[in-house]
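Subject: Structure handover

Hello,

Here is the structure for you to take over. My notes on it follow below.

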Amino acid sequence: MNKVQFINNDRWPVLKNKKQLKLFIEKLFTQEGRELVSLTFIFCSDEFLLDINKRFLKHDFYTDIITFELSKSVTAATEGEVYISIDRVKDNSKQLSTSFNDELHRVIIHGVLHLCGYKDKKKPEQAQMRSAENRYLELYFK
């Protein structure tokens, strides 16, 4: 059974080596000491994610990612959904002068790290998150 799934809602990014990426995500959870039951990535538009942001988080702004932990408790095995705005990822890749592929993988890893307990609200948390993103991206693209 696939623990990791990719769903195209209203955007269809080209994501190469999906099987390899799914296996890597499963290994990442293991390395972080977390059990993974299921994780679904939903690729969508700015407008779709803005609606989710408004309805569920009461935020009225665009974002590149929203991660939902669906597990029954903090100690339970992870079940989650990660919504990614492909429109935001494209814009961010241009602003950051990086490729769309690199930015998409960074955002995917970012969502996984949130589900592994990483936070990014405060400066020290952001630094720790970025460090973990870089470490796992380097491992993945070796």
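Predicted model: local features only at pLDDT ≥ 70, side-chain atom pairs only at ≥ 80, totals over all residues.

On the α4 side, the contact is made by H105, R106, I109, H110, L113 and H114. The α5 side contributes M129, R130, A132, E133, N134, Y136, L137 and Y140. Sorted by class, the contact of α4 with α5 has 7 nonpolar, 4 polar and 3 charged residues.

α4 also packs against helix α1 (residues 18-31), at an angle of about 30° and with the axes 10 Å apart. The crossing of α1 and α4 is right-handed. From α1, the residues in this contact are L21, F24, I25, L28 and F29; from α4, they are H105, I108, I109, V112, L113 and L115. The class count for the contact of α1 with α4 is 10 nonpolar, 1 polar and no charged residues. H105, I109 and L113 of α4 are listed in the contact with α1 and are listed in the contact with α5.

I86, V89, K90, N92 and S93 of α3 meet F100, E103, L104 and V107 of α4. By class, the contact of α3 with α4 has 5 nonpolar, 2 polar and 2 charged residues.

Next, the sheet. What is the order of its strands? The open sheet of 4 strands runs β1-β2-β4-β3, and the pairing is mixed. β1 (4-8) and β3 (65-69) are at the edges with a single partner strand each, so one side of each has no neighbour in the sheet. On average, neighbouring strands are turned by 15° against each other, with direction ignored.

Strand β2 (residues 36-44) and strand β4 (residues 78-85) run parallel and are joined by 8 bridges. L39 has G80 in β4 as its bridge partner. Helix α3 (residues 86-95) packs on the sheet and touches β2 and β4; the direction of α3 makes about 60° with that of β4. Helix α4 (residues 100-115) lies across β2, β3 and β4, and runs at about 30° to β3.

Last, the aromatic rings. How many aromatic pairs does a search of the whole structure find? The search gives 8. One of them is formed by F6 and F43, which are stacked, with 6.0 Å centre to centre and 15° between the planes. F6 lies in strand β1 and F43 in strand β2, so this pair ties together parts that are 37 residues apart in sequence.

Regards

Conventions:
Residues numbered from 1 in each chain as written. Heavy atoms only, no water. Pairing = 2+ DSSP bridges. Helix = DSSP H or I, 4+ residues; strand = E, 2+ residues; numbered from the N terminus. Axes fitted to C-alpha atoms, helices over the stretch in contact; angles between N-to-C directions. Contact = heavy atoms within 4.5 Å. Nonpolar A, V, L, I, M, F, W, Y, C, P; charged D, E, K, R; others polar. Phe/Tyr/Trp six-rings, centres within 6.5 Å; stacked < 30°, edge-to-face > 60°. Left-handed = near helix turned anticlockwise from the far one by under 90°.
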